[in-house]
Amino acid sequence: MTLADTHQQGPAGLPPRRARYAGSPAWQRRRAAAARFWRGYRSHRAGLVGLAALVVIALAAVAAPLLVGDGVRSVTAATGAPLAAPSQDHPLGTDQFGRSLLGLLVWGARVSLAVGLLAAALSVAIGTLVGVVAGHFGGALSTVAMRITDWFLVMPTLVLAIVLATVMSRSLWTVVLAIGVTSWPTTARLVRAQTRAVESRPYVERARALGGGHRHVMVRHVLPNVLPLVLAQTTLGISTAILTEATLAFLGLGDPTVVSWGGMLQDAREAGAVSSGDWWYLAPPGIAVALVALAFTLCGRAVEAVLDPRLGAGG
């Protein structure tokens, strides 16, 4: 490699543009902020427990094809007797078709986590957009947006999700849409309040005086300051989305072609596991839903406490 090539590559072998960006003050501030956030998060023991649990569950979900194989979902390839109790061959027992419940539980994590993440992201995106626009423009637009938000807020989220899932085709995207478009009002109200607080600060007024338009103020000043709140709300919203997905699947409104924890509970109910006392069919998916919801809640509370020290630093 010639001296000219080394000079063109920049520090540490990075391309010149990337090297300049990595060494910029803005990038250094982001790295320092991320380091401070992680130091604060590590002080919350409950948050670390929740994060560790989520990492294990996520790794198991990603590696499901390697751990249990794709054939675990097949009814014709079932290897056990129907509704068999836990044994050495099937540690969690089998379902009404003789499929391993442990394999179904691991495979169902993929769907439940994916639906929870996508639904929470959609919900927070809608809430953030409504909240920033309403808080920035104010006036009649804010009044109309908040009245619509209030209407969604007073209506039971689960009832609205059931209505949407009933009238639309039964698929995972329907479940994601049903959860996302019914659970955004809380985020919208929080973001609107934060937007109004941010826009009252002197540097925003100075940006307006220098000719900054609506897009500049919202994108460059408001959005970066509401993102920590959005992050905490997203983490907390995932647990609610997973519980709602499990409820919809339990009611028979999920996608019948996929394996999810809520779908396993619905299959157990249809197979008469409740009346016959087949606890191994009901307990694993129910406990899995509760553990994941609890783990996301612990992480969300820890993130909220780090981003807002007024909530306390206890772990």
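This is a guided tour of a predicted model, stop by stop.

**Stop 1: the largest pocket**

The largest pocket holds about 400 Å³ of space.

Helices α6 (101-137), α9 (172-180), α12 (214-250) and α13 (261-270) each supply at least two residues of the lining. Which of them gives the most? Helix α13 does, with five residues.

Colour the lining by class next. You will find 13 nonpolar, seven polar and eight charged residues in the lining of the largest pocket.

**Stop 2**

Select L251. This residue sits in the loop between α12 and α13. Its relative accessibility is 45%, so L251 counts as partly exposed.

**Stop 3**

Select L54, V55, A58, L117 and F296. The second largest pocket contains about 350 Å³ of space. Its lining has 19 residues, and your selection shows those closest to the centre.

Look at the elements that surround this pocket. Helices α3 (25-42), α4 (45-62), α6, α12 and α15 (279-307) each give two or more residues to its lining. Helix α4 has the largest share, with seven residues.

How many residues of this lining are nonpolar? The count is 17 nonpolar, with one polar and one charged residue.

**Stop 4**

Select W38. You are in helix α3. At 40% relative accessibility, W38 counts as partly exposed.

The distance is 9.6 Å, although W38 and V303 are 265 residues apart in sequence.

**Stop 2: salt bridges**

The model has six salt bridges. Visit three of them.

- Select D70 and R73. Their side chains meet in a salt bridge, 2.2 Å from N to O. D70 is partly exposed, at 45% relative accessibility. R73 is partly exposed too, at 33%.
- Select R301 and E304. They form a salt bridge, and their closest N and O atoms are 3.2 Å apart. Both lie in helix α15, three residues apart, so about one helical turn separates them. E304 has 24% relative accessibility and counts as partly exposed.
- Select R147 and D150. Their side chains meet in a salt bridge, at 2.8 Å from N to O. What separates R147 and D150 along helix α7 (residues 139-154)? They are three residues apart in that helix, so the answer is about one helical turn. R147 is partly exposed, with a relative accessible area of 46%.

Salt bridges with shared partners join R147, D150 and R189 into one network.

**Stop 3**

Click on V163. Its place is in helix α8. Is V163 buried or partly exposed? It is partly exposed, with a relative accessible area of 45%. Residues in such a patch need over 30% relative accessible area, so V163 clears that cut-off at 45%.

**Stop 7**

End the tour at L83. Select it in the loop between α5 (64-67) and α6. At 25% relative accessibility, L83 counts as partly exposed.

Now check the backbone. Most residues other than glycine have a negative phi. L83 has a positive phi of about 55 degrees, although it is not a glycine.

Definitions and conventions:
Residues are numbered from 1 along each chain as its sequence is written. This is a predicted model: local features need pLDDT of at least 70, side-chain atom pairs count only at pLDDT 80 or more; totals for chains, interfaces and linings use all residues. Side-chain values use heavy atoms; hydrogens and water are left out. On a 1 Å grid over the protein atoms alone, a cavity is a set of points where a 1.4 Å probe fits but cannot get out, and a pocket is an open set with protein on both sides within 12 Å along at least five of seven lines; lining residues have an atom within 4 Å of a point. Grid points are joined across faces, edges and corners, and a volume is the space filled by probe spheres set on the points. Helices (H or I, at least four residues) and strands (E, at least two) are DSSP runs, numbered from the N terminus. Ala, Val, Leu, Ile, Met, Phe, Trp, Tyr, Cys and Pro count as nonpolar, Asp, Glu, Lys and Arg as charged, and the others, Gly among them, as polar. Buried means under 20% relative accessible area, exposed over 50%, partly exposed in between (1.4 Å probe, protein chains only). A salt bridge is a side-chain nitrogen of Lys or Arg within 4 Å of a carboxyl oxygen of Asp or Glu.
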